[in-house]
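Q: I have a model open and want to learn how to read it. Where do we begin?

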Amino acid sequence: MQCKTIVSDILVVGGGGAGVMSSVMAAREGATVAIAVKGKIGKSGNLMMLGGSFGVDGPSAREYCNEPEASQEYTKEALFDKLVSSAFYIGDQKLQKHFVEEGPKALKEFFQWVRDSGQKFLFNPKACRWRTSGTAFGNVLKKGLRNQQKETVIDTYEDTMITELLTCDGKVCGALGMNMYTGELIEFKAKAVILATGGYQPMPLKNTFSDMTGDGIAMALRAGAEVKDMEYLLFIPTLIEPAYAKGSILPFQMTMPNLFPLKQKATDLDGVELIYPQDSKYKTTASSSKVKKLLIHYVYGEGIYKKWDKYGNRFYFDYSDYTDDEIREAFRIIADNMEHWYKKGMYHHIDLMDLAERIIKNDKRLLVGLGNEYSMGGVVVDETFATRVPGLYAAGEVTSGVFGAFRSADGLTEMLAHGLTAGKTAGEYVKSAAQLEPEDLDEKVAVLTAPLNRSKGISPIEALNKLESICDKGFNFFRDEERLVKAYEEICSLRASLDQMAAPGGAVYNLEWMNSVIVRNLALCAEIGIYSAMQRKETRGCHVRSDYPQVNNKEYMFSYTASLKDGDINYGKSYPEAVYMPIDNNIYPNIAECISKTILEVI
Ligand SMILES: Cc1cc2nc3c(=O)[nH]c(=O)nc-3n(C[C@H](O)[C@H](O)[C@H](O)COP(=O)(O)OP(=O)(O)OC[C@H]3O[C@@H](n4cnc5c(N)ncnc54)[C@H](O)[C@@H]3O)c2cc1C
């Protein structure tokens with residue numbers, strides 16, 4: 001197949017916050033930029049789904065973001081300590097420092113765009129956090145990009161999936177992409193590429209669009225980069241019913257007393273209560289509220305796991321202690337709260353008063369599960385957001401290192417802070433880099449188009465369903481040796497079979513063909529994640545093992561890394577450096593104990 005060619009200094013892959021901020025910053029360095037996005041800019045990836053809050057430390061909120069009321073008690077030091085301890089100490093302290101120092105500068109830039117766009121952001125001074133919606137956030141990004149496009153060259157390519165990085169002599173020099181509607185192949189020639197493709201979500205119950213398929217992580221691996229921490233996936237309470245709202249994180253929002261006044265009782269499907277710890281040592285505060293996600297994962301997860309074979313990933317939020325009117329009133333409050341950003345009475349596309357009536361009818365219960373929200377692992381970068389491959393940079397959720405084993409600070413601040421620096425450093429790099437001719441274009445086109453040319457073979461969509469089912473059963477929020485080993489065997493055999501994928505029917509809007517790219521990427525990420533989880537015979541952050549409940553800092557204070565050599569996965573270990581803060585080397589009997597001693601006591 002013929003390729004169209006697009007030439008720019010820098011190709012940015014991804015149109016969420018990391019991609020847009022990188023593009024703007026690279027353009028300000030004088031680089032010409034092409035930005036390619038699998039969906040729409042500011043309307044794709046995890047960004048669109050966001051729960052809607054993000055922040056920085058209090059003094060910075062005052063100094064950089066014009067918030068005079070911001071609590072001055074929540075200092076940079078406190079935020080840094082929170083990052084290090086919540087990462088269960090395996091995070092990269094230099095990247096964590098970068099988050100603290102550069103986050104406010106990125107937000108300063110971002111709030112300029114907010115003012116220009118007229119979108120509504122509400123600030124909570126005590127928590128030092130802003131609330132908004134994914135739509136508002138996306139509109140702000142589009143405004144920031146448009147403003148910059150008036151002054152410099154940033155060409156946008158929406159509905160364009162990048163399928164492979166192109167290389168010359170060990171350097172990245174562009175990427176191969178396809179227009180998802182027409183099937184046209186595009187060669188993006190660039191002196192540097194910034195990956196801003198978000199994370200990987202291999203579970204059937206997830207909180208995002210279907211585009212979080214680890215494309216950037218897998219492409220980086222194939223181009224020679226290293227990844228780490230792939231066993232850590234974040235889970236939160238997620239709607240299962242009503243079916244039209246499946247995947248929404250509304251149930252998690254409903255655990256927050258400032259948004260929803262009723263206290264849910266969680267039960268398994270037999271009505272047995274899953275007890276959330278009430279001891280004061282587990283009490284979270286405004287600045288540690290996200291730790292609740294991990295406690296919920298741990299305590300509810302254990303109850304669901306016990307009856308997994310019978311019920312799978314399902315449990316109830318039960319409001320039977322309340323009257324019908326109390327339930328209606330509570331939903332009215334959350335509806336009023338959302339009114340700033342969504343249509344009256346709605347949260348995204350969910351009619352909140354209708355949901356209240358459904359709950360009342362359903363014995364006052366809401367059917368939920370633990371859905372996959374975020375992936376902590378990804379491409380290894382340094383503080384300039386360079387990978388180990390010359391010409392390749394990465395920013396946002398596609399990277400690893402800031403959050404280690406658990407993200408308790410904000411992904412939104414992360415993506416903007418990373419984008420700020422990645423754009424600048426890539427912009428600097430291309431000033432002296434040459435435009436190279438890729439040596440692997442033909443080979444990569446052949447791999448991409450092979451399924452199109454096969455009349456019979458494995459269906460990529462069926463393979464993707466199988467992959468999700470494998471991860472659901474063996475790699476979910478509560479893990480054990482037997483299930484992990486089975487999942488590993490199954491994912492290896494699935495991945496080996498993908499060479500036989502077939503997507504006949506032509507290149508125009510061929511869903512099977514698109515999925516042949518996606519499943520190859522997601523399977524590589526999942527295999528590495530499962531293998532790392534199998535090796536990690538302890539519990540740490542979002543990696544919870546029923547057979548190894550201890551947090552064993554003596555034996556497991558490291559990250560599992562992976563890279564590719566001649567197509568095979570090579571595993572290794574990397575140890576955190578105590579650059580600014582000592583590393584904890586205690587052993588804790590279980591994760592709740594560790595959370596109370598090392599995270600909640602610290603914050
Ligand atoms: C339901 C939900 C709620 C959340 N709520 C919050 C919150 O309240 N606060 C917070 O701080 N964080 C929140 N997060 C996390 C936050 O949304 C992410 O950390 C953030 O969106 C990551 O930004 P990013 O730019 O790195 O990636 P994304 O926003 O995921 O963007 C990735 C981009 O890459 C594109 N892409 C992917 N693959 C390709 C490819 N092959 N070719 C071309 N383009 C590609 C996608 O289409 C998309 O444009 C939430 C996440 C979810 C799922």
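A: With what it is. This is a predicted model, where local features need pLDDT of at least 70, side-chain atom pairs count only at pLDDT 80 or more, and totals for chains, interfaces and linings use all residues. Residues are numbered from 1 along each chain as its sequence is written, and side-chain values use heavy atoms, with hydrogens and water left out.

Q: How many helices and strands does the chain have?

A: Both are DSSP runs, numbered from the N terminus: helices are H or I, at least four residues, and strands are E, at least two. The chain has 18 helices and 23 strands.

Q: What does the radius of gyration say about the chain?

A: The radius is taken over C-alpha atoms, and the globule rule is 2.2 Å times the number of residues to the power 0.38. For 603 residues, a compact globule would come out near 25 Å; the chain has 23 Å, which agrees. The C-alpha trace spans about 65 × 55 × 50 Å along its principal axes.

Q: What share of the residues is buried?

A: Buried means under 20% relative accessible area (1.4 Å probe, protein chains only). Of the 603 residues in the chain, 63% are buried.

Q: Take threonine 163. Why does it count as buried?

A: Because its relative accessibility is 2%. Threonine 163 sits in strand β7, residues 160-168.

Q: Which residues is threonine 163 in contact with?

A: Contact means heavy atoms within 4.5 Å. Leaving aside neighbours within four places in sequence, threonine 163 is in contact with Leu176, Gly177, Met178, Met219, Arg222, Leu448 and Val517.

How values were computed: Buried < 20%, exposed > 50% of the residue type's maximum accessible area, 1.4 Å probe, protein only.
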